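Hi there,

Here is the structure I promised to pass on.

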Amino acid sequence: MGKLIYGGKIYTLKEEGHMVEAIFTEKQCIVDYGEKKYLEEKYEGRIQEKIDLKDDVLLPGFVDSHMHLVGHGEKLLRLNLSTCMSKEEALQLLANYAKDIEEGQWIIGDGWNENMWREQQVLTSKDIDQHVPNHPVLLNRICKHAIAVNSYALKIANITNHTPAPFGGVIEKDEAGNLIGVFKDQAQELITNVLPKVTDEYVERALRAGIKDAYRLGLTGAHTEDLNYYHGYEGTYHSYKKIVEDEGNLFRAHLLVHHEVFEEMINDGGKYLGGSEWVELGSMKIFADGAFGGRTALLSRPYHDDPSTSGVRIFTQEKLNELVAKARGKEVPIAVHAIGDEAFEMVLEAIEKHPLQGFGRDRLIHATMLRKDLIERMKGLPLILDIQPSFVTSDFPWVIDRLGEENLAYCYAWKTLLKEGLHCAGGSDAPIESADPLLGIQAAVTRSNEDDKQGNGYLPEEALTVYEAVSLYTNGSAYAICHEEDRGKIEKGYLADFTILNKDIFEANPYDIDKIKVTKTIVGNEIMYERLQ
């Protein structure tokens, strides 16, 4: 059905400030754009619907380049501790939640962050036991690289003081050598392996909730990594097909494939950019390290606030090389989580040893702590840096002490990366951070938060312009998955995916970007969300 869209500002993002008066769309694509009168005359017999923007502002559809969509939906459905401002508040919320759960059933919560608490002490099994002794409890730290569990859960998993930590993992103990119930990175699997298997219905309910909320936030698509955490590759992949395609929840889902289910994907006939127009298969996903919050991101030097550690390497260099070689054997790019500079160097070494052959681009996710030499090594390689601007607002100011102020050069260095000619895409890492792209854009521009009392911003020299920040979530996300010729801009032949706002993001006070409202989200030429006035 042909549609004419007009009556507001329409930014093409072909270049900064470029606008058109109207767009004509048909089926899933943009057919033409220009003056409203010209389009009405040229396509008179094909225009079946007119959409008056009523002074709203239309942009190419926002796409989150890195999130966990099922996890985002889960966060909407279960215990959420991310807003708690003290350990006691988190524990009381947990205790109240447990009252409605049948005794003996698992309780899983998300989002605790001791860096937001006055006492800055992690949750422990002793803490949880005192509030919820009759349920096994698993509470994910906000970064998802650490969990806190109670004694009930330790008993089910048969974990004792003598249980060894697996390679790439940490089991925290007190000074006497006793478990405190905190497990980091690969050690989390000692607990997660004994969790009850989730049902198809549960995954579908979470995915449905995640997509509906994504519409509300103006997201028309996402690059998401979920295929190894619920009911395996096949089950989760088919859940995506059912919810997006069969139920008609139109959404551009690009699925990264965790290395542990990579062979399953290949054996199922999958390939890079295979699948369908709605549910597309992507790169092999690998984790190289952890996160700053739990001091598991791998640094080339000891942590400033704990010189006893420099982080955790998830794999040896040899094993990482093998995983990259495995992807190359199927001509598949890699997408690697690397936060610390040492982890990033390991990934570059593996890429240089096994360069990408054929179509595609490697993706280095987070790229939070870099060095000048690493930036130079990246130039000329077929890759993109997948950055999360909201990390600035959630990590500062505590990360200054964690890394050391003298070590912050090339950290969260978004402007430097663009100046050096490197391609970047913008994501949220939801449910780790809010999935709201407007919050990410504001963070990239202001680099500020409530703790920044002077409003100067953290490492303000790395702040982006609004145009650069918006581009991360539009043409940047398209470039990451080789769709820059049909997504991310208002252009003839490009997909009719649009995010419509009630205010001009390019004229708004940067500190008020988070107050802008999404009025419509259009995916594949269909209105999937419309805000009630």
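Below are some notes on pockets and salt bridges.

This is a predicted model, in which local features need pLDDT of at least 70 and side-chain atom pairs count only at pLDDT 80 or more, while totals for chains, interfaces and linings use all residues. Residues are numbered from 1 along each chain as its sequence is written, and side-chain values use heavy atoms, with hydrogens and water left out.

Pockets first (on a 1 Å grid over the protein atoms alone, open sets of points where a 1.4 Å probe fits, with protein on both sides within 12 Å along at least five of seven lines; lining residues have an atom within 4 Å of a point). The largest pocket has a volume of about 1600 Å³, taken as the space filled by probe spheres set on the points. Its lining has 44 residues, and nearest the centre lie Asn-140, Thr-192, Leu-195, Tyr-229 and Tyr-230. The second largest pocket holds about 1300 Å³ and is lined by 43 residues, with Met-116, Thr-393, Ser-394, Glu-433 and Asn-449 nearest its centre.

Now the salt bridges (a side-chain nitrogen of Lys or Arg within 4 Å of a carboxyl oxygen of Asp or Glu): the count is 42. In one of them, Asp-497 pairs with Arg-252, with the closest N and O atoms 2.9 Å apart. Asp-497 is buried (under 20% relative accessible area) at 9%, and Arg-252 is buried at 5%. Another salt bridge joins Asp-362 to Arg-328, at 2.7 Å between the closest N and O atoms.

Happy reading!

Definitions and conventions. Buried means under 20% relative accessible area, exposed over 50%, partly exposed in between (1.4 Å probe, protein chains only).
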